[in-house]
Amino acid sequence: MTIVTVRYFAAAAEAAGTEEEGLELPDGATVGHLRDELAARYGAAMQRVLQNGSFLVDGTVQRDPATALGAAVDILPPFAGG
């Protein structure tokens, strides 16, 4: 098992009820594993964020669910610009 630091921003933080936590995940866990864990843990509000949001794994945006996790993952909701 590995502890991954997960940081949440904006709507993701609202859905999780926290801005940061350490999650214990299996060795070799992927972005897909984390997505499924967060959806199960935090429900529909988090699922909406994860559908169009981004995973920043050790500072790099990752969208492929097969991507291995690093030590830290930021969960970013979709941002609108103008």
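## A buried aspartate and its surroundings

Asp-74 lies in strand E5, residues 72-76 (strands are DSSP E runs of at least two residues, helices H or I runs of at least four, both numbered from the N terminus). The model is predicted, so local features need pLDDT of at least 70 and side-chain atom pairs count only at pLDDT 80 or more, while totals for chains, interfaces and linings use all residues. Residues are numbered from 1 along each chain as its sequence is written, and side-chain values use heavy atoms, leaving out hydrogens and water.

**Around Asp-74**
- Asp-74 counts as buried, at 9% relative accessibility (buried is under 20% relative accessible area, exposed over 50%, partly exposed in between, with a 1.4 Å probe and protein chains only).
- Its side chain meets that of Arg-7 in a polar contact of 2.6 Å (a pair of N or O atoms within 3.5 Å, one able to donate a hydrogen and the other to accept it; residues adjacent in sequence count only if both atoms are side-chain atoms).

**The largest nonpolar core**
- This core has 23 residues, and Val-73 is among those that touch the most other members (a core is a set of buried Ala, Val, Leu, Ile, Met, Phe, Trp, Tyr and Cys residues joined through side-chain atoms within 4.5 Å).
- E1, H1, E2, H2, E3 and E5 each supply at least two of its residues.
- Helix H2 gives the largest share, eight residues.

**Positive phi in loops**
- Ala-10, not a glycine, has a positive phi of about 50°, and it sits in the loop between strand E1 and helix H1.
- Asp-58 also has a positive phi, near 50°, in the loop between strands E3 and E4.
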